[in-house]
Amino acid sequence: MIGKFKNIVAKKYFHIVVIISIIVIFLFGLGIIVLRYNVEGETNMPFELTKIALISSCEGKDVESTDTKWAFDVYQSNDIYLYIDKNKNYGKTEAIESVIIDNIQIESNKKDNIKLYKPDENPENKLFKNVEENIVETINYKGEMESNLKNLAISNQGGIIAFRISNDNIVRYTSNDEEINHLELLKKADVKQEDIDTKITFDLAIKIAEGNEYKTTINLNLPVENVIEQGTTSKEITDVKDFIFKRVKF
């Protein structure tokens, strides 16, 4: 019996079968690891997305009119704040090199009106101003010692980044009323919900100074509900576990 076994082991095909079995087991294990990574992503990043805050509002930009007392181009803007915090469970100290928003995709009935705005750099203005020089295609926040939204700087130990998605020139509203409440412009101009409903998809990448880069894709439905009736609305998204980060640079 032992002799027969030795004869089988000594044969070439036996070694081939063993090698193939080892390869199959290795590939199976590797497939499980890859599948799990695609589902769970990075489970211990040095920095994490912890919250998304949305503020939707309406405003009117004055235009000249000879027939009415008031004339406005009506805008519906959505200010988006992303909170990037240090992972306290991460084993060592890292620093943020940059946080980038790019690959922005837009679905909207007014797609041609949708613009991406960076914060206005003028310290005397409010954070966002819908002017041409603030229109961008990507947002790049540099890691610095301190955060400064207007200068597109985020603390290298975590902070907040912000940008605006605005539905510009939805409609022109004219009126001879004595006073105009800008919060009522969408309602007064009879703007419909389908005129402002927007879905945006974008990539959020966190680059670490030591070389690693982590990226996720974020989908948001804008604006925050009831903005037509209320003029300004807001909400916070704290359940961000579905935004799975993957390492894109090792």
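**Reading the model**

Modeller: Let us begin with an opening in the surface: the residues lining the second largest pocket are Glu 59, Gly 60, Lys 61, Asn 125, Lys 126, Phe 128, Lys 129, Asn 130, Val 131 and Arg 164. Please bear in mind throughout that this is a predicted model.

Biologist: How much space lies in the second largest pocket, and which strand gives the largest share of its lining?

Modeller: The general idea is that rolling a probe the size of a water molecule over the atoms shows where empty space is left. In this case the second largest pocket holds about 150 Å³ of space. Strand β1 (residues 47-62) supplies the largest share of the lining, with 3 residues.

Biologist: In what order do the strands of the open sheet stand?

Modeller: Strands of a sheet pair through backbone hydrogen bonds, either parallel or antiparallel. Here 5 strands form an open sheet, ordered β4-β7-β2-β1-β10, and the pairing is antiparallel. At the edges stand β4 (114-117) and β10 (232-237); each has a single partner strand, so one side of each is left without a neighbour in the sheet. From one strand to the next, the twist averages 15 degrees.

Biologist: How many bridges join the paired strands, β1 to β2, β2 to β7 and β4 to β7?

Modeller: Between β1 and β2, which run antiparallel, there are 15 bridges. In that pair, Leu 49 stands opposite Ile 84 in β2. The antiparallel strands β2 and β7 are joined by 14 bridges, and there Asp 73 stands opposite Arg 172 in β7. For β4 and strand β7 (residues 159-175), also an antiparallel pair, the count is 4 bridges. Leu 116 is placed opposite Ile 165 in β7.

Biologist: Is strand β2 mostly covered or mostly open?

Modeller: Strand β2 (residues 70-86) is mostly covered, since 13 of its 17 residues are buried.

Biologist: How many aromatic pairs does a search of the whole structure find?

Modeller: A pair of aromatic rings is described by the distance of the centres and the angle of the planes. The search of the whole structure gives 2 such pairs. One of them is Trp 70 with Phe 72: the rings are 5.9 Å apart centre to centre, with 15 degrees between the planes, and the pair is stacked. Trp 70 is partly exposed, at a relative accessible area of 24%, whereas Phe 72 is buried at 1%.

Biologist: Why is the pair of Phe 163 and Phe 202 edge-to-face?

Modeller: Their ring centres lie 5.4 Å apart and their planes are at 85 degrees, so the pair is edge-to-face. Phe 163 belongs to strand β7 and Phe 202 to strand β8 (residues 198-208), so the pair ties together parts that are 39 residues apart in sequence. Phe 163 is buried, with a relative accessible area of 1%, and Phe 202 is buried, again with a value of 1%.

Biologist: Where does the charged end of Lys 51 sit?

Modeller: The charged end of Lys 51 sits over the ring of Tyr 83, at 4.3 Å from the centre of that ring.

Biologist: In which strand does Ile 208 lie, and what separates its C-alpha atom from that of Asn 156?

Modeller: Ile 208 lies in strand β8 and is buried, with a relative accessible area of 2%. Along the chain, Ile 208 and Asn 156 are 52 residues apart, and their C-alpha atoms are separated by 8.9 Å.

Biologist: Which residues does a cis peptide bond join?

Modeller: A cis peptide bond joins Leu 222 and Pro 223, with omega about -5 degrees. Pro 223 is in the loop between β9 (213-222) and α5 (227-230). That loop between β9 and α5 also holds Asn 226, which has a positive phi of about 75 degrees although it is not a glycine. Asn 226 counts as partly exposed, at 44% relative accessibility.

Biologist: What phi does Asp 190 have, and where does Asp 190 lie?

Modeller: Asp 190, although not a glycine, has a positive phi of about 60 degrees. Asp 190 lies in the loop between α3 (185-188) and α4 (193-196). Its relative accessible area is 49%, and Asp 190 is partly exposed; the cut-off for exposed is over 50%.

Conventions:
Residues numbered from 1 in each chain as written. Predicted model: local features only at pLDDT ≥ 70, side-chain atom pairs only at ≥ 80, totals over all residues. Heavy atoms only, no water. Pairing = 2+ DSSP bridges. Helix = DSSP H or I, 4+ residues; strand = E, 2+ residues; numbered from the N terminus. Axes fitted to C-alpha atoms, helices over the stretch in contact; angles between N-to-C directions. Phe/Tyr/Trp six-rings, centres within 6.5 Å; stacked < 30°, edge-to-face > 60°. Buried < 20%, exposed > 50% of the residue type's maximum accessible area, 1.4 Å probe, protein only. Lys NZ or Arg CZ within 6 Å of the ring centre and 35° of its normal. 1 Å grid on protein atoms, 1.4 Å probe; cavity = no way out; pocket = protein on both sides within 12 Å on 5 of 7 lines; lining within 4 Å. Points joined across faces, edges and corners; volume = space filled by probe spheres on them.
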